[in-house]
Amino acid sequence: MMNPSPRATKQLSTPVDQLPGVDSQRAQQLRRLGIARGADLLFLFPRSYQQPAPMTSSDQFVDQRRVSFVGEIVELAEKVTQNGKHILGVQVQPEGGGCVRLLWFNQPFRKKMYNVGDRILATGQLKTTALNWEMIQPQTAPVGSNEFVADRPLPIYPLTEGLKQPALRAVMRQSLPAMIEEVDEVLPESIRQRLEVIGIQQALRDIHFPVHIQQAVAAQRRFKLQELLVLQLALAMQRNQRERTMQSPVCEPSGKIHARILNRLGHTLTVDQVTAIEQIGKDMSRSVPMNRLLQGDVGSGKTLVAQYAMLLCVANEYQAVLMAPTEVLARQHATNLQRNLAHSRVRVGLLTGGLARKERTQIEKQIADGQVDLVVGTQALLSDKLQFSRLGLVIVDEQHKFGVMQRARMRRDGLQPHYLILSATPIPRTIAMSAFGDLDVSTIRTKPPGRASQHTYLCTYDQLESWWQFVERQVVQGRQAYVIAPRVAESTDDDTIASAIGIYRMLSEGPFQHRTLGLLHGRLPPEDKERVLDQFVSGQIDILVSTTVVEVGIDVANATVITILDADRLGLAQLHQLRGRIARGGHTGYACAVASSQCQLQDNQRLQAFVNCNDGFELAEMDLRLRGPGDLLGVSQAGLPAMRMANLLEDVEFMELAREVSREILQSDPDLADAQLSRLVSQTLRRYGKSLQLGDVG
Ligand code: ADP
Ligand code: MG
């Protein structure tokens, strides 16, 4: 992002091997770090800084503190331990008195660097021993050599084999000052003031050579905000483009329509559902496409809100699509809609990959002719062949199961449908503001009333026998149970992992031979899946053994127990989704996570978090912390370049400021015609033009 302008010459565009103090070996190391030209070196920023170690007189020494001091070498001692480790000890008398022993391991060459009587500067972390002060592997330099400035923060750069910090720092010190002079400012003065950031040349100096750590922090602020501003400007440009060029069907929730739809939904809505519906109604009554995320924990009632949006669309004579991640869920949605819409004129169609050719052609034709109002389906809906007669709304259920780019595929020329995305995995605000192309967000926090309580247990395979007895007691009371196994079939090379087929056999021959069991997994033909699920819904099956295909969405109110085998193999969000299958009606729910034999229950943070917390939003945050933001939902899916400076999880305030400022910029200059903005605009297009299809805006 921070490429200098094309005017830049000389040092910035010089190949690394021609920079001062860089020989061919060093150049090769630098190239391994991705540095080909001077500019790449300039924008290789420190990962962090080593705290300064200020000059300290020996009467001020404190255990564990990083200090520098000057002293005289009084003794050298060298030793090789039994296992061949070389130890060099250098005894130094600091100027203020006392004694410090400097120790190095396996650096025999160092011995030549020190002579008794020499005065040296040493920098490192102090450690007290019984008699003495010690410093392990300190940095040293002859007094007055200026080799390092001990009271400044030392930059820590990314390294590669053979290249050490002091060498890289030396290259930086020699090459950067001249280059920095050549760099042009990207942000106009007024924007810098608004963001409260320093100029680019000062920021470059301070990020590489800070005198105080605060200078480095201010420099980081400048580059983070620049990076986020470029991102937000790109998103704002995209939004502008969308709003200027895209027309969407206006679906107005008139009083009459609103009342009629609420009547169909059949529940008194929760406060959060009402708010979400209002927000969606407002969005859909504009001729600009809605782009909204509806997030809410498992069982919070997102489907009802989605149904409202669909019916609002149909009432305005447009077609609506609901895309679900699995065939099972798509069928369930279709059944519910058909039930809610019995005795109405709304026609519901189902389109999944499992349909026979003939059925599929038929439904496709009905969609194209406009004989179907609501289309429920799976990814099969993304087929390029599918034509709608007047598509007004696309809803994607359980968005985290799809790629983000996929949903863009349903956007066509002509009228653009409104978009609503449902997710039970909350998306951090910053991610929603960025990776998802500037989504608006509605959140459902409260659960519908009348929810029974739920208990979660952890157990091991040894305890399963008594757990099955508990499950049996629930079944005796008329309830139903899920048993979840991570894989479909047993595998020959690793039979320690539970399989649905294996567990089904074991349970139906053992503890539940007198019960009706069902088996569900992704490899069954669609009609079998449908039959098994129907039987479970209607109560003919007592215990459903399944893979995680039931993870999302399945809604069977009479099911009260779920047993999750080898639970440590599943992610927190997934476990929570599975647990969301039970206690959906008035009966108390019981979930049991069974740890695999390799799992140390006490140490497994994920399983511990799972039993101790029942809030999907909190769990999602813990999950992020436990996994790190690496595979954060959506970021890589969205196909945007990774952030270099900013941290999407932590820099929330920066992101919000950048978003505000980007909108201000576009508001006062919608065509970005101001010459002062030209560098910023070209940087934005260079970085995001392709991934966000910005065309030649600005
Ligand atoms: P999710 O957000 O996980 O998709 P669902 O939409 O499946 O949740 O809702 C879970 C259950 O709660 C369903 O059985 C649904 O009928 C019920 N429900 C939703 N909203 C309400 C409400 N306002 N009052 C009572 N029950 C509701
Ligand atoms: Mg749902």
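**Figure 1. Lining of the largest pocket in the predicted model.** In this predicted model, the largest pocket is lined by 44 residues. Thr303, Gln332, Asn336, Arg339 and Asp555 are the lining residues that lie nearest the centre of this pocket. Its volume is about 1,100 Å³. Sorted by class, the lining of the largest pocket comprises 19 polar, 13 charged and twelve nonpolar residues.

**Figure 2. Secondary-structure elements around the largest pocket.** Helix 11 (327-340) contributes the most to the lining of the largest pocket, namely twelve residues. At least two lining residues each are also supplied by helix 10, strand 11 (348-351) and helix 17 (526-537). The space taken by ligand 1 is this largest pocket.

**Figure 3. The residue shell of ligand 1.**

**Figure 4. Polar contacts of ligand 1.** A nitrogen atom of ligand 1 lies 2.8 Å from a polar side-chain atom of Gln273. Two further views concern oxygen atoms of the ligand. At Thr303, a polar side-chain atom is placed 2.7 Å from an oxygen atom of ligand 1. At Gly301, a polar backbone atom is 3.1 Å from an oxygen atom of ligand 1. On its own, ligand 1 has 560 Å² of accessible area, and the protein covers 84% of this area.

**Figure 5. The largest cavity.** The largest cavity holds about 70 Å³ of space. Val298, Ala424, Thr425, Pro426, Ala573, His576, Gln577, Gly616, Leu619 and Ala620 form its lining. Helix 18 (572-579) and helix 20 (616-627) each contribute at least two residues to the lining of the largest cavity. By class, this lining has six nonpolar and four polar residues, and no charged residues.

Conventions
Residues are numbered from 1 along each chain as its sequence is written. Chains are lettered from A and ligands numbered from 1 in the order in which they are written. This is a predicted model: local features need pLDDT of at least 70, side-chain atom pairs count only at pLDDT 80 or more; totals for chains, interfaces and linings use all residues. Side-chain values use heavy atoms; hydrogens and water are left out. A polar contact is a pair of N or O atoms within 3.5 Å; within protein, one must be able to donate a hydrogen and the other to accept it, and residues adjacent in sequence count only if both atoms are side-chain atoms. Accessible areas come from the Shrake-Rupley method with a 1.4 Å probe; for residues, only the protein chains shown count as cover. On a 1 Å grid over the protein atoms alone, a cavity is a set of points where a 1.4 Å probe fits but cannot get out, and a pocket is an open set with protein on both sides within 12 Å along at least five of seven lines; lining residues have an atom within 4 Å of a point. A molecule sits in a cavity or pocket if more than half of its atoms lie within 2 Å of its grid points. Grid points are joined across faces, edges and corners, and a volume is the space filled by probe spheres set on the points. Helices (H or I, at least four residues) and strands (E, at least two) are DSSP runs, numbered from the N terminus. Ala, Val, Leu, Ile, Met, Phe, Trp, Tyr, Cys and Pro count as nonpolar, Asp, Glu, Lys and Arg as charged, and the others, Gly among them, as polar.
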